[in-house]
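Reader: Hi! Could you walk me through this model? I'd like to go piece by piece.

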Amino acid sequence: MPVNKYKTGLRGQKEAEDFLIKSGHIILERNYRLRTGEIDLIASHGGYIIFIEVKLRSGLHFGFPSESVGGAKQQKIIRTALHYIAAKNLNNQDFRFDVIEILEKNGRINVNHIENAFGM
């Protein structure tokens, strides 16, 4: 992965994490990675374990950031989440899949938290 893309991803993830913490979420994991895929953030809030995909863009030339979380990406996140649930013995927990899209333009940041963005 190119260095600039990596730094942009980290910046977006930091913005998302700060946003979540301010809204009362507890961050459980960052960059949970397996061969099946990666989950940017795993948090708990309101009785849910939340698997979060973070997308940052500097404009809308290619659509909204959340639009890039298509079916194949969703399936990778779901497979990885199922592994996490089994590994942590969380079978009796409620969980959901969220997307946080971040638009950055002219130094201004807009965060949009999409709860229940997709399901199994």
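**A walk through the model**

Author: Happy to! Gln-74 sits in helix H2, residues 71–87; helices (H or I, at least four residues) and strands (E, at least two) are DSSP runs, numbered from the N terminus. This is a predicted model, where local features need pLDDT of at least 70, side-chain atom pairs count only at pLDDT 80 or more, and totals for chains, interfaces and linings use all residues. Residues are numbered from 1 along each chain as its sequence is written, and side-chain values use heavy atoms, with hydrogens and water left out.

Reader: Thanks! Which residues is Gln-74 in contact with, leaving aside neighbours within four places in sequence?

Author: Those are Val-69 and Phe-118, with contact meaning heavy atoms within 4.5 Å. As for Ile-100, 26 residues apart from Gln-74 along the chain, the two C-alpha atoms are separated by 14 Å.

Reader: Now the sheet. What is the order of the five strands?

Author: The order is S1-S2-S3-S4-S5, in an open sheet with mixed pairing; two strands pair if DSSP finds at least two bridges between them. S1 and S5 (108–118) stand at the edges with a single partner strand each, so one side of each has no neighbour in the sheet. On average, neighbouring strands are turned by 30° against each other, direction ignored. The axes behind that angle are lines fitted to C-alpha atoms, for helices over the stretch in contact, and angles run from 0 to 180 degrees between N-to-C directions.

Reader: Do tell me about the pairs. How many bridges join S3 to S4, and are they parallel or antiparallel?

Author: Ten bridges join S3 to S4, and the two run parallel. In that pair, Val-54 stands opposite Ile-100 of S4. Between these strands the chain passes through H2, and this β-α-β crossover is right-handed: with the strands pointing away from the viewer, the path from the first strand over the helix to the second runs clockwise.

Reader: And what about S2 and S3, how do they run?

Author: S2 and S3 are antiparallel, joined by five bridges, and Leu-41 stands opposite Ile-52 in S3. Their hairpin has two residues between the strands, and Gly-46 there takes a positive phi near 60°. S1 and S2 also pair in the antiparallel sense, over seven bridges, with Ile-39 of S2 as the bridge partner of Tyr-32.

Reader: Why is S3 described as largely enclosed?

Author: Because eight of its ten residues are buried, S3 is largely enclosed by the rest of the structure. Buried means under 20% relative accessible area, exposed over 50%, partly exposed in between (1.4 Å probe, protein chains only).

Reader: Switching to packing: how many residues does the largest nonpolar core have?

Author: It has 15, and those with the most contacts inside it include Ile-39, Phe-51 and Tyr-84. Such a core is a set of buried Ala, Val, Leu, Ile, Met, Phe, Trp, Tyr and Cys residues joined through side-chain atoms within 4.5 Å. H2 gives the largest share, five residues. A second, separate core of eleven residues includes Ala-16, Ile-50, Ile-52 and Leu-56.

Reader: Last one: where does His-25 lie?

Author: His-25 is in the loop between helix H1 (3–22) and strand S1 (26–34). It counts as buried because its relative accessibility is 7%. The side chains of His-25 and Ser-23 are joined by a polar contact of 3.0 Å. That term means a pair of N or O atoms within 3.5 Å; within protein, one must be able to donate a hydrogen and the other to accept it, and residues adjacent in sequence count only if both atoms are side-chain atoms.
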